[in-house]
Amino acid sequence: MAVRDLLPRLDGALSADLRPLVHAARDAAAAENVRLYVVGGAVRDLLLGRPLVDVDIVVEGDAASLARRVAQQTGGRVEAHDRFGTAKVMHNGPVGTGHGQSLDLATARTEKYVRPGALPTVQPGTLAQDLARRDFTINAIALGLTPPNEGVLLDPFAGQKDMAAGLVRVLHDKSFVDDATRIFRSVRYEQRLGFRMEPQTEALARRDIAYLDAISGDRVRNELDLLLREDAPERGLARLAEIGALERVGLPWHDAPWLSRKFAQARRAAPPGALLPEIYLGLLMYTLSPEEASAALRRLNFPRATDQALRDVGPLKATLADLTRPDLQASAVVHMLERFQPAALQTCAFACDNKAARERLRRYLAELRYVKSALDGHDLARLGVKQGPRMGQMLKALRDARLDGEVRSREDEEARVRRWLTQPASEE
Ligand code: CTP
């Protein structure tokens, strides 16, 4: 492709909100005589003709001072992180829409990994050094925005050649030692772009798999989460399992065909708004032994709500056999299921291979869990029930009676309460 095409292409690919910010950054940099480049994913996606997700801009100079100039010119504000040499120019969107626009600027830098898995220490450097610290050749390409490199593609590691061959290749043999999260990243790019790890890179990933042990649970979880947001994450997970990475972070991939089928089913059938990544994780948990599941949850340090839902999957799975009994009343279904998190129930509604149990799970999720008695505590008090445990028991018993079709109206419920009040407590 003719290099001169790239700047107009970039312009066309930028969103209408972002374009003026990039232009302002380019003009400010040209005026200050510093060099500005688009780098990383945006250049890769531009060359591949894919939509741009985010645009990272590197300046051979001070990112914070450039950001302040851009903000002045465009009426935005700046958030600078001096330690990392990064700055964000932010614009509020129209009031109340929650849509803002921001541009990320970073000072070109060198990185040193003090020990494997630690976050690197950074120092200002040249663009060449900034490209050399990156993960893969396809991400180590820059497009110059200012003279003398305006419109020029800087590709010191022949990333375009790897792109044409569909290869994900590290820049040096210690790349995964420096940062083993790159093993996850490489698989993410393989899957998303339909690429393949270059053989030596794959051999390095396998060799350095143990360096994943040095990566914190939060960072592994973040990589996992990014993978689960890709189109068909079961393919990426199977590939991670193949090179030994999944097991290494505590997630054995036991039954690939079953999991692949269930992932695809969940994707097709998940209700709008369902958190698919959480359901995928739940399906994976479903295949683990209780010991494996607790080890995985310890390792990956999920936020509380997700942790609780994933923790519920095993015990819920153990309950499913009871849920197949033919004579179960609706109230019994509710008693069995109400202690579990909805996300765990949703997962098991996909995972469970028994039709009766699956249908009861679905009915519980769609309908039974919302059923309440018509009377509340105030109504019971009015009818002469004293506050205390008995009132709670009566409300539950009313709900059960409603679930099982024994009462259908407020009047039915009131009649029940009156009857109970004339009987000893044990009969409710
Ligand atoms: N990078 C890296 N090593 C990492 C993470 C990021 O070298 N462990 C570099 C890569 O050059 C990458 C850039 O930082 O292109 C930006 O990272 P990120 O936004 O995560 O990746 P993108 O390339 O923008 O890819 P994506 O489309 O997945 O966001």
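In which loop does N33 lie? Select N33: the loop between α2 (18-32) and β1 (35-39) holds this residue. Helices (H or I, at least four residues) and strands (E, at least two) are DSSP runs, numbered from the N terminus.

The model is predicted, so local features need pLDDT of at least 70 and side-chain atom pairs count only at pLDDT 80 or more, while totals for chains, interfaces and linings use all residues. Residues are numbered from 1 along each chain as its sequence is written, and side-chain values use heavy atoms, with hydrogens and water left out.

Stay on N33. Its phi is positive, about 65°, although N33 is not a glycine. N33 is exposed, with a relative accessible area of 70% (buried is under 20%, exposed over 50%, partly exposed in between; 1.4 Å probe, protein chains only).

Next, select P147 and P148. The peptide bond joining them is cis, with omega about 5°. P148 sits in the loop between β8 (142-144) and β9 (153-154).

Move on to A158, in the loop between β9 and α6 (159-165). A158 is not a glycine, yet has a positive phi of about 55°. A158 is partly exposed, at 34% relative accessible area.

Now zoom out to the chain. It has 22 helices and eleven strands. Along the principal axes, the C-alpha atoms fill a box of roughly 95 × 50 × 40 Å. Buried residues account for 48% of the 428 residues. Of the contacts (heavy atoms within 4.5 Å) between residues at least 6 apart in sequence, 65% join residues at least 24 apart.
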